[in-house]
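The following paragraphs walk through one protein model, element by element. Please keep the sequence and the structure in view while reading.

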Amino acid sequence: MASVLILMGSQSDWPTMRNAATMLEELGVKWEARVVSAHRTPDLLESTMREAEQADVRVVVAGAGGAAHLPGMLAAFTYLPVFGVPVQSRTLKGLDSLLSIVQMPKGVAVGTLAIGDAGAANAGLLAAQVIATTDPEIAQQVKDFRLAQRDKVMKNSNLEL
């Protein structure tokens, strides 16, 4: 199993969660993605977390929309850090997902990111940063990414308005 496990409640969450995978790839972090539903496959959810703990998984990135219980349920079954990504929903544009993920009870921690694509990309970056605390190669990749961001801004800072 990879260093980062990307989980989502349904296949329809992949267009959003692909942003986490893309960020991890850019930073040289191995990842694996799976669909695990908190409501439809709770036994699979629990066994996936047990398997992740026994494998080399360091961080779980979980995306869910609507009721968005997946990140919280995952966190209830593991000591691994879980980052939750609210997937934009049709009904409330992801606000429902955000509130569900961010309102965790004391003692069940989920790091909650922004709604949608930016949140997923930042979840990938944050997962890489966690791994970078013990992996010098990934640390350098994160540093290089930050420098590239800075350079891009600096290159475009002299626009004529």
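**Loops, helices and their surroundings**

K93 lies in the loop that joins β4 (82–86) to α4 (95–102). This is a predicted model. The backbone at K93 has a positive phi of about 55°, although K93 is not a glycine. Is K93 buried or exposed? K93 counts as exposed, because its relative accessibility is 58% and the cut-off for exposed is over 50%.

A68 sits in the loop between β3 and α3. With a relative accessible area of 4%, A68 is buried.

The loop between α4 and β5 (111–112) contains M104. Its relative accessible area is 25%, which makes M104 partly exposed. Apart from neighbours within four places in sequence, M104 is in contact with G72 and V110. M104 and H69 are 35 residues apart in sequence, and their C-alpha atoms are 9.8 Å apart in space.

A109 belongs to the loop between α4 and β5 as well. A109 is exposed, at a relative accessible area of 66%. Along the chain A109 and V82 are 27 residues apart, while 7.6 Å separates their C-alpha atoms.

S3 is in the segment before β1. Is S3 buried or exposed? The relative accessibility of S3 is 17%, so S3 counts as buried, the limit for buried being under 20%. Not counting residues up to four places away in sequence, S3 touches V29, K30, D56, V57, R58, V59 and I131.

Next is helix α1, which runs over residues 14–26. From its first C-alpha to its last, this helix of 13 residues reaches 18 Å, close to the 18 Å expected at 1.5 Å a residue. The buried residues in α1 are T16, M17, A20, A21, M23 and L24. These residues are on the same side of α1, because the arc they cover around the axis is only 160°. Their cover includes the strands β1, β2, β3 and β4, together with the helices α5 (117–132) and α6 (136–155). Just after α1, G28 takes a positive phi of about 80°.

Two packed helices are described by the angle between their axes and the distance between the axes. For α1 and α5, the axes come within 7 Å and cross at roughly 30°, and the crossing is right-handed. On the α1 side the contact involves P15, T16, M17, N19, A20, M23 and L24. On the α5 side the residues are D117, A120, A121, G124, L125, A127 and A128. What kinds of residue make up the contact of α1 with α5? Ten are nonpolar, three are polar and one is charged.

Helix α2 covers residues 42–54. Its 13 residues should span 18 Å at 1.5 Å a residue, and the C-alpha atoms at its ends are 19 Å apart, which agrees. Which residues of α2 are buried? They are L45, T48, M49 and A52. Seen down the axis of α2, these buried residues fall within an arc of 95°, so they line one face of the helix. D43 and Q54, on the other side of α2, are exposed. The buried residues of α2 are covered by elements including β1 (4–8), β2 (31–35), β3 (59–64) and α3 (70–76).

Technical notes
Residues are numbered from 1 along each chain as its sequence is written. This is a predicted model: local features need pLDDT of at least 70, side-chain atom pairs count only at pLDDT 80 or more; totals for chains, interfaces and linings use all residues. Side-chain values use heavy atoms; hydrogens and water are left out. Helices (H or I, at least four residues) and strands (E, at least two) are DSSP runs, numbered from the N terminus. The expected span of a helix is 1.5 Å times one less than its number of residues. Buried means under 20% relative accessible area, exposed over 50%, partly exposed in between (1.4 Å probe, protein chains only). The arc is that of the directions from the helix axis to the C-beta atoms. Contact means heavy atoms within 4.5 Å. Axes are lines fitted to C-alpha atoms, for helices over the stretch in contact, and angles run from 0 to 180 degrees between N-to-C directions. A crossing is left-handed if the near helix is turned anticlockwise from the far one by less than a right angle, and right-handed if clockwise. Ala, Val, Leu, Ile, Met, Phe, Trp, Tyr, Cys and Pro count as nonpolar, Asp, Glu, Lys and Arg as charged, and the others, Gly among them, as polar.
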